[in-house]
Amino acid sequence: MEISSSALRLPFLFLLVPLLLFFLLSPWNPLHNLSGGGDSAGRRTQFPPKSLTSISPPPAEPRSPPRRDHNSATARNPLDPLTVGEIHRVRSILSSYQPFLHHFPSIQSMSLDEPDKSRVLGWKSGDPIPPRKAFVIALLDNQSHLLTIDLDSGRVETHEISSGSGYPMLTMEDVVAAVQTAVSYPELEASAAARGLSVANLSCISPSPGWFGPDEEGKRILKVLCFSKQGTPNFYMRPLEGLVMTVDVDRREVLQFSDTGKGIPIPGRANTDYRFRPGNKPPEMERINPISMEQPRGPSFTVTDGHLVKWANWEFHLKPDQRAGLVVSRVVVRDSETGAARSVMYKGFPSELFVPYMDADEGWYFKSYMDAGEFGLGATAMPLVPLNDCPRNAYYMDGIFVSADGQPFVQSNMICLFERYAGDAAWRHSELTVSSGGQEEARAKVTLVARMAASVGNYDYTFDWEFQTDGLIKITVSLSGMLMVKGTVHDNMNQVQNQDEMGPLVSENAIGVVHDHFITFHLDMDVDGPNNTFVKVNLVKEENVEGKTPRKSYLKPKRHVAKTEDDARIKLSLYDPSEFHVVNPSRRSRLGNPSGYKVVPGGNAASLLDHSDPPQLRSAFTNNQIWVTPYNRSELWAGGLLVYQSHGDDTLDVWSQRNREIEDRDVVLWYTLGFHHVPCQEDFPVMPTVAASFQLKPVNFFERNPILTARPVFEEDLPVCRPSESASII
């Protein structure tokens, strides 16, 4: 089967040219990366296409990864995502399904309905694939339909109409409908004219509305905001402050038009263009010559059957997901002593991304996004840029997703896989003694990185899963992109009498609104098997009461086994230090220690919002940095299955209130990574990347340092590379 070109045909292509420009330049949502046409194979392309404008690679090297033909792909692993053929089959089954015969629903999402975990764990390469099923969330007559489709039998196996709050993820058709309705509203033209603009000068975006009470019940709504795009591609820096339109998506009706900012000037366009051009003024710094990690023998990793990654002592399944973005599964590491493959984690992925803005004004209070459940991290993933997002010798993976009409489309090059070497040591020690005369030992640290980047409107989020040969996994989230700025009459802080009452000024007439980012990860740990226990190792100060030595105090680790979910709710504190272990009590080392992995927090932030604040009710999963729950295949999304306009009645916090037993059980660990962002001038017009991370580190998992006998790198292992001009040394 071929990917249908109708999957790439946007309804608004038939609108007038001025309206077309609005939509193509509005990247708040999945529209941005779906607004281009498709190539001959039906792949969606970016509009406008990105090009490398920096130093070009050698002519023989392609500028972008080769295209892949997905039409003939078949599933080789129980966890492989739905193929193009399977998506076509699901659509065919639903088209002949009795409840949908007269009106085909809007397909909000479609994904693999994974087999039971026990079946996946029992499956080995070469075994028959378990029956393939699809899970579909569809909208019809303002109701959310949850369906499971058996692809082998061609039957709809289960069909449930959701009775809870919330709606599914938005589709590009939803966004098109909202923006089209808003830009056609007569009062918008008057508001634009009052600011010296025409509607054709505007670029409008469609943020989600959150949920703030019964007035929003029974209808799907979007807020529409507009910006001036005159003289800059960076319209985010030029808001029409105070202008907010509330749109009923399904009825295509403007419910409310508010413009309270007609006296606030539009910030200027000066210095807002962030693109590289050959004639740009160079930065006032010494030039950095091009740098690259060369691999004369090619990469050391392999990707078989499209999704199974093998590298060094690691093996895992990697796949794109329309909601989560990047999913790693069946993570195993080979034991350095026995050579046996040992389980570390069954599945890991970002479950939700919560971004609340800290402004109570009418045009800002609702800005409290839940990007995974409302827009989809995979749906908003842009093609990664070779040599800038990912180095040479990177392997690229496409996502196969579904549009509202049930047709498949390709999200090209949304994941890359590469090896990293930054000159770090995996371990080292030098010794200078009288007897030995001196010893030096060091081992180079090479890691494997799986990366994706989601461009959710103004913000870009890069997700890295980095695997080390010593068994450590480092998960990093990096933030870049544009600020969401607020227009103001002030162009200098000297004009502001009470500066604490106003957010930071990042440019003339532009306030960088303070906000947070919280990313909650679902980590189904299977350390040497499914049955694990969460142990909090408290570091407690002990007084030296006997006074036999001059010391007055010291630290002592005290283990506390979490028996229920309440025991495992963790708020991080520097003054209450602990380690957080997931151990297998049935697997012991030769010294009697339980095999385990520990969560090692890095820099973090906690939500300061009141727990009764509507945004915090919906995102109560950020009330703690660590949670542990018993495995439940239906508990995947920390904000609930249906997040859009949800009330917070189906969240990780709600599930955990059952206080279920978790000792020596199949458990899931949830970790929330947070950022407080107080903007500054350096964030204008595009912010330099900031990052935070945490680690999953083996603790008594191996019998000793697993890379003790790793071979050093020698000069003869590498080709001799000489620069054309010698670097000056001062």
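Biologist: Hi! Which strand is Tyr-459 in?
Modeller: Tyr-459 lies in strand S20, residues 459–467; strands here are DSSP runs of E, at least two residues, numbered from the N terminus. This is a predicted model, where local features need pLDDT of at least 70, side-chain atom pairs count only at pLDDT 80 or more, and totals for chains, interfaces and linings use all residues. Residues are numbered from 1 along each chain as its sequence is written, and side-chain values use heavy atoms, leaving out hydrogens and water.

Biologist: Is Tyr-459 buried or exposed?
Modeller: Tyr-459 is buried, because its relative accessible area is 2%; buried means under 20%, with a 1.4 Å probe and protein chains only.

Biologist: What does Tyr-459 touch, leaving aside neighbours within four places in sequence?
Modeller: Its contacts (heavy atoms within 4.5 Å) include His-515, His-517, His-677 and Met-687.

Biologist: And what feature does UniProt place there?
Modeller: The unreviewed UniProt entry gives "modified residue: 2',4',5'-topaquinone" at Tyr-459. UniProt annotations may be inferred rather than shown by experiment, feature names are shortened, and positions follow the numbering used here.

Biologist: New topic: where is Ser-507?
Modeller: Ser-507 is in strand S23, residues 505–507. Ser-507 counts as buried because its relative accessibility is 16%.

Biologist: Last one: how many of the chain's residues count as buried?
Modeller: The figure is 53% of the 730 residues.

Conventions: Helix = DSSP H or I, 4+ residues; strand = E, 2+ residues; numbered from the N terminus. Buried < 20%, exposed > 50% of the residue type's maximum accessible area, 1.4 Å probe, protein only.
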